[in-house]
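Here is a quick tour of one structure, taken one part at a time. Have a look at the sequence and the model, then read on.

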Amino acid sequence: MKTYVVIGLGRFGTAVAAELCKLGHEVLAIDGDEGRVQAIADHVTHAVTGDARDPAVLRALGVRNYDCAIVAVADDVGNSALITMNLKEIGVKQVIAKAQSHVHQKVLQKIGADRVVFPEHETGVKLAQNLSSSNILNFIELSDDFGIVELAAPKPWQGHSIKDLDVRAKYGVNIIAVRKGGSENDLVVAPGASYVISPSDVVVTLGRNENTSTLHDL
């Protein structure tokens, strides 16, 4: 079990806080709006009304003892940056902040955010990837350059071994796992060169986004 602080209880912050708690973690949710705090109180470990822009409030709540803080305040760049800076100065081990633009992202990175996320952007990219090809089942953007693509075994790959396919040379991607028969419970991690792709397999690949995009045409 890990401990998390979620600051800002809009739709994103509320969803993150509730899901983390559902997964068995300890979650402290903070927002300046008492109504939002009351709405999530039954779905997290602790819910507090407070101004996270004030370092004294964060210290009083003991946030430095938590494993990770998520700053879900993105509608005001100044508030987001101030809260992120406060958390880093207090000594929180990991700070993840939500951004609404690339300029906002750069500001957050400059003041020490360990990771910056664009929930709307990432959802849009994933949807576009899924819609562009019927064999793409899932897309996970790891960074601006790299991503993971899950795809139903392309016909040209079926019946061939990973060695024969040589996807790294042909497509610039690596096969990092295979879900045999598409099953969530039968995952082959780092399949060997002799593994033969079957028509019912789901193949998990890793590579640069510019290379994984070529898999849409298979």
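## Starting at Gln105

Leaving out residues up to four places away in sequence, Gln105 touches Ala99, Val116 and Phe118, where contact means heavy atoms within 4.5 Å. You'll find Gln105 in helix 5 (residues 102-110); helices here are DSSP runs of H or I with at least four residues, strands are E runs of at least two, and both are numbered from the N terminus. Gln105 has a relative accessible area of 13%, so it counts as buried. The cut-offs are under 20% for buried and over 50% for exposed, with partly exposed in between (1.4 Å probe, protein chains only).

A word on the background: this is a predicted model, in which local features need pLDDT of at least 70 and side-chain atom pairs count only at pLDDT 80 or more, while totals for chains, interfaces and linings use all residues. Residues are numbered from 1 along each chain as its sequence is written, and side-chain values use heavy atoms, leaving out hydrogens and water.

The largest nonpolar core has 22 residues, and Val5, Ile7, Leu58, Val63, Val71, Ile83 and Leu87 touch the most other members. Such a core is a set of buried Ala, Val, Leu, Ile, Met, Phe, Trp, Tyr and Cys residues joined through side-chain atoms within 4.5 Å. Two or more residues each come from strand 1 (3-7), strand 2 (26-31), strand 4 (68-71), helix 4 (77-90) and strand 5 (94-98). Helix 4 gives the largest share, 3 residues.

Zoom in on Val5: neighbours within four places in sequence aside, it is in contact with Leu28, Ile30, Val63, Tyr66, Cys68, Ala69 and Ile70. Apart from this core lies another, of 15 residues, including Leu151, Trp157, Ile175 and Val203.

## One aromatic pair

Searching the whole structure turns up 1 aromatic pair. The rings of Trp157 and Tyr171 have centres 5.8 Å apart and planes at 50°, so the pair is tilted. Rings of Phe, Tyr and Trp (its six-membered ring) pair if their centres lie within 6.5 Å; planes under 30 degrees apart are stacked, over 60 edge-to-face, and the rest tilted.

Trp157 is buried at 1% relative accessible area, whereas Tyr171 is partly exposed at 22%.

## Strand 9 and its partners

In strand 9 (residues 173-179), 5 of the 7 residues are buried. Strand 9 runs antiparallel to strand 11 (residues 202-208), with 6 bridges joining them, and antiparallel to strand 10 (residues 187-189), with 3 bridges. Strands pair if DSSP finds at least two bridges between them. Val178 bridges to Val203 in strand 11 and to Val188 in strand 10.
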